[in-house]
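Subject: Structure handover

Hello,

Here is the structure for you to look through. Please open it beside this email and follow along.

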Amino acid sequence: MPAVIDVEHLDFSFGSGALTQPVLKDITLSIRKGEIVLITGPSGSGKTTFLTIIGGLRQAFHGSVKVLDQQLINSSEQVKVKARQQIGYIFQQHNLLKSLSALQNVSMTLEMGNALTEQQRRDRSAEALIAVGLGDRLDYKPGQLSGGQLQRVSIARALVGQPKIILADEPTASLDKQSGYEAVSLLKRLAKESQTAILLVTHDYRILDIADRVVELEDGVIKSV
Amino acid sequence: MNKLAWFYFPARLAWRQLIFDRSKLVAAICGVLFACVLVFMQLGFKDSLYASAASAPVKLSGDLFLMHKQSEAMWRPIQFKRSELMRVLGNPAVAEAYPLYLGLAPLKNIKTQVKRTLMVYGFDPDSLIFNLDEIKNKRHELRLKDTVLFDEYSRPEFGPMRSLLEAGRNVTEINDYKVNIVGLFRLGVSFAADGNVMTSDLNFMRIFPRRNLSEIDMGVIKLHPGAPVQQVKAELRSQLNEFVNIFSYEELLKYEKDYWANTAPIGFIFGFGTVMGWVVGLVIVYQILFTDIANHRNEFATLKAMGYEHGYFVRLVFASAFFLAVLGFIPGYVLSLGLYHLAESQMYMPMPMLWSKIITVFLFILSMCVMAGLLAIRKLKDANPADMF
Ligand SMILES: Nc1ncnc2c1ncn2[C@@H]1O[C@H](COP(=O)(O)OP(=O)(O)OP(=O)(O)O)[C@@H](O)[C@H]1O
Ligand SMILES: [Mg+2]
């Protein structure tokens, strides 16, 4: 299987000069198509930072980070924007647009420059919401949905564009045990169907069993693979 | 499809965000509405001022006009010699030349006895230098001693002249001199005079005992039909003394308007008021857009993380600005229309709602909102997608 994410000898630090604080040290990690990888580790070990670099949200300068064959190290804004468009994101908070309905929120992923018609976008967004079990909540605004439902809307939003990669940072943190587990299993099931790779950061040891592989990060170094 | 999407999608999101928070939308619309009404009123008063300032010369019937160089406007003329005017008769293109005497004087309200200043025009009743039928018809009466015609469009403070005349009460005083009002005409008030009275040149000298016929305020020249006005003007210019100005009809109107626009502080005051309306509206709209971006910072950062480009948000902000401009302009226009009617009926000022003014104000409001948008987009930089995780 080809690698969708290929990280080699990545170094990253915050700050400059005397205040330089190394956060990631010589990280090498490769993720294959459709693979589900969980990252755990103590607070402050650099998990979120790692995710933002892979997602093209933060610029790194040393090493190699290839996402879908695009080099993100020292890349231009255009390259990063392109990478972002090919990745689905699930945040710790749902981060839905509160003025839009569930359907419109999911459609936002499809409104980025591809050639679907309005009707096609609606249909695909509705399908995605039905897939996460929210077929009866299409026109609800975020204010009218529960935390678990909101996180499921954001899973639908991440998946609807059929990305090859999904990045998720503690997606279960704001959910109770039950709905957290349900959300992640749902994510796994849908991702496996479409051969989507998942890189998921979590502190939640109850969900480790969904992973193909667990990576532990400590002080910016990968401890065990 | 793509060209359309380029603006349609951000505009649609801007619209959805605007209508989501109704109370904030109403506040925003009120801000734009306020600026809109302010600018409409300032422009309305200003145009009304210019229109009425020129109401006296508008009805003058002549091809060329002489005024002293130092006369800033018709309402405050400097006199010059009648003989200077008569020299123009030497030019073969000139058919007639008539002096016009102007003076401000108090007229006593027949009913209340209260005195109020108006403009008195004195001229030869047979000269027909005013294009007003009532004056042509009454020229025989005007030739009698102590007779005047009163402007029906004067401010109501002078008394209900029409009904007074019908009741036979036509005696009053101008400049403490007893006169008979023998008829009415229609001219209109200006910022300089609340009313107008026309009389013969001889009666004018009786009302203003210190004036004499050889010192005139204005000369009205009529050319033979078909004579080239600008050419005759140039010829007269070389013949006449330095201290007189020669105007064509259009130039005279412009001279009067320019006086109010530039020389008089009033033009500046209205210009200043207009600019202030723009600035106040700008600050309000900027404040609204700015807090809107701040409130949506996380949402924008999320969209950026999903791959939306900076330009999308710039278009979104400008679309918001455009919607606010339109949504504020419509009620602002309706309200201003009402206020214009109020001003016309209560203050006797001509305040027509012209298309040109509607378009001007809309462009003004639009430029205000666009400027506010330009200032507000800097705030977009705060939406950093890396902060979303
Ligand atoms: N924007 C920033 N500027 C400077 N330092 C930062 C910034 N963001 C994170 N750091 C530092 O980088 C280190 C790693 O942070 P990071 O957020 O990646 O940790 P994490 O593993 O995600 O922790 P947690 O499990 O608590 O979310 C921390 O020491 C943090 O203080
Ligand atoms: Mg973190």
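Below are notes on the ligand site, some salt bridges and a surface patch.

First, the ground rules. This is a predicted model: local features need pLDDT of at least 70, side-chain atom pairs count only at pLDDT 80 or more, and totals for chains, interfaces and linings use all residues. Residues are numbered from 1 along each chain as its sequence is written, chains are lettered from A and ligands numbered from 1 in the order in which they are written, and side-chain values use heavy atoms, with hydrogens and water left out.

**The ligand site**

Start with ligand 1. Its shell includes F14(A), Q21(A), V23(A), E170(A) and H203(A). The stretch S43(A), G44(A), S45(A), G46(A), K47(A), T48(A) and T49(A) also belongs to it. A residue counts as near if one of its heavy atoms lies within 4 Å of the molecule or strand. By class, the shell has two nonpolar, eight polar and two charged residues. Here Ala, Val, Leu, Ile, Met, Phe, Trp, Tyr, Cys and Pro are nonpolar, Asp, Glu, Lys and Arg are charged, and the others, Gly among them, are polar.

Now the polar contacts (pairs of N or O atoms within 3.5 Å; within protein, one must be able to donate a hydrogen and the other to accept it, and residues adjacent in sequence count only if both atoms are side-chain atoms). An N or O atom in the side chain of T48(A) sits 2.6 Å from an oxygen atom of ligand 1. For the side chain of K47(A), the distance to a ligand oxygen is 2.7 Å. S45(A) uses a backbone N or O atom, at 3.3 Å from an oxygen atom of ligand 1. Alone, ligand 1 exposes 640 Å², and the protein buries 62% of that. Accessible areas come from the Shrake-Rupley method with a 1.4 Å probe; for residues, only the protein chains shown count as cover.

Which elements give two or more residues to this shell? They are β2 (21-32) and α1 (47-54) of chain A. α1(A) gives the most, with three residues. Helices (H or I, at least four residues) and strands (E, at least two) are DSSP runs, numbered from the N terminus.

**Salt bridges**

Side chains of opposite charge can pair when their charged atoms come close. A salt bridge is a side-chain nitrogen of Lys or Arg within 4 Å of a carboxyl oxygen of Asp or Glu. How many salt bridges does the structure hold over all chains? It holds 31.

Take E111(A) and R12(B), which meet at 2.5 Å, N to O. E111(A) lies in the loop between α3 (102-110) and α4 (118-131) of chain A and R12(B) in helix α1 (residues 2-20) of chain B, so the pair joins two chains. Buried means under 20% relative accessible area, exposed over 50%, and partly exposed in between (1.4 Å probe, protein chains only). E111(A) is buried at 6%. R12(B) is buried at 12%.

Next, E215(B) and K81(B) pair with their closest N and O atoms 2.5 Å apart. E215(B) is in strand β9 and K81(B) in strand β2 of chain B, 134 residues apart. E215(B) is partly exposed at 22%, and K81(B) is partly exposed at 45%.

**A surface patch**

F268(B), I269(B), F272(B), V275(B), M276(B), V279(B) and V283(B) form a nonpolar surface patch, with about 650 Å² of accessible area together. Patches are made of residues with over 30% relative accessible area and no salt bridge: like charges are joined within 9 Å, nonpolar side chains (Val, Leu, Ile, Met, Phe, Trp, Tyr) within 5 Å. V283(B) is in helix α11 (residues 265-295) of chain B. V283(B) is partly exposed, at 47%.

Best wishes
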